[in-house]
Amino acid sequence: MRIERNGDQVRCLDYNSENCIGCGICVDICPTNSLKLGPVLPIARGLLKMDYVSVNEDTCALCGLCASACAFKAMKCSINGEDMAKMEVYPKWSHEAAVNDDACVYCRKCETACPRDAITVTRTLPKRADLVIGEIEIKEDECINCGVCEEMCPAEAIKIKETGKNSYSISVDEDKCVYCLVCKRACPENAIKAACRLCSYGEYELDPEKYSVTGKLILDEEDCIKCGWCEDICPKEAVTVIKPFEGEISTGNTECKGDSCHACQDVCPCNAITVVDGKAQVNPDHCILCGVCTNVCPQQNIVIKRNNMNLGNVRSKSWDKILSNLTE
């Protein structure tokens, strides 16, 4: 959706429905009440195909406050073709997700955990033959083609093929062989000679260029909502996340209808809410205090208190006053 207005300036407001999570922050702070929040729960559940937010073109002033306050890049306002978020005089978010490439081992745990599919990890694994050093030889004149080695090989590196009547060939795929010596021990005719250099000579040095796992982690800033799952699950502490809001979330005294309702769980963009023993439980480590859950809870049982938002460079007193309502 786009709203455009020409005058002394060409102002445009773009709404990206794919980035919108239905938090309603833009609706709450719109000074002209031009934004309206739709039925968040049925939209999130896929029962309705419509945008979370609608804009009244007749009353919208294209001031850009909604775009500045949106921490999820669902709203974008431009002036004469320049993104307001990149202009010096407008507010700047300091929340971020950063990856230390030197520490990352490309284990893909962050990619699996990300609730927004904002992380893609590509990696190249070393060849097994470069990691395992050994020797193996089959004495075909002593082999009786019993097939024991082929059946016992845990790496499926040994193959026996019939080449004619009472004629067989046996081969070892050295790219698969790990020199575990199972075939040697299992052979009833002692027809296999094998040696693992790791076992024979103890520890040995490998060429780092050959055994290193290489790759790349791509973080889509448009889709990332800074929930912290990647930081929490990373075994190498290679990810650092600064959330958009600071504060706390709690449940009230009203009885939760968790099992029969689970509305908060269905709309949470961070997978931070689960229903345990019939009650909704929030994981504060992954909650971003966006407020979507408070919009849909029929018991109004969820309370969010924001004490800070990582949005700086607010130079307008009127904007500062409006934005301060988000942390009260």
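This is a predicted model: local features need pLDDT of at least 70, side-chain atom pairs count only at pLDDT 80 or more; totals for chains, interfaces and linings use all residues.

User: Why is the pair E4 and R2 called a salt bridge?

Analyst: The cut-off is a Lys or Arg side-chain nitrogen within 4 Å of a carboxyl oxygen of Asp or Glu. For E4 and R2, the closest N and O atoms are 3.9 Å apart, so the pair counts as a salt bridge. In general, side chains of opposite charge can pair when their charged atoms come close.

User: What makes E4 and R2 "partly exposed"?

Analyst: Buried means under 20% relative accessible area and exposed means over 50%, with partly exposed in between. E4 has 44% and R2 has 47%, so both land in that middle class.

User: Which parts does the salt bridge between R2 and D14 tie together?

Analyst: This salt bridge has an N to O distance of 2.7 Å. R2 sits in strand 1 and D14 in strand 2, so the pair links parts that are twelve residues apart in sequence.

User: How do you know that K139 and E142 belong on the salt bridge list?

Analyst: Their N to O distance is 3.5 Å, and the limit is 4 Å, so they qualify. K139 is partly exposed at 23% relative accessibility, and E142 is partly exposed too, at 34%. Elsewhere, salt bridges with shared partners join R2, E4 and D14 into one network.

User: On to the sheet. In what order do its strands come?

Analyst: Four strands make an open sheet in the order 1-2-5-6, with antiparallel pairing.

User: Why are strand 1 and strand 6 said to stand at the edges?

Analyst: Each has a single partner strand, so one side of each is left without a neighbour in the sheet.

User: How do you know that strand 5 and strand 6 pair?

Analyst: Pairing takes at least two bridges. Strand 5 and strand 6 have two, in the antiparallel sense, so they count as paired. Within this region, S78 has D83 of strand 6 as its bridge partner.

User: And the nonpolar core: which residues touch the most other members?

Analyst: In the largest core, with 63 residues, those are L13, L35, V53, F72 and M75. Beyond its neighbours within four places in sequence, M75 is in contact with several residues, including L13, L35 and V53. There's also a second, separate core of 19 residues, with C149, I160, I170 and C177 among them.

Technical notes: Residues are numbered from 1 along each chain as its sequence is written. Side-chain values use heavy atoms; hydrogens and water are left out. A nonpolar core is a set of buried Ala, Val, Leu, Ile, Met, Phe, Trp, Tyr and Cys residues joined through side-chain atoms within 4.5 Å. Buried means under 20% relative accessible area, exposed over 50%, partly exposed in between (1.4 Å probe, protein chains only). Contact means heavy atoms within 4.5 Å.
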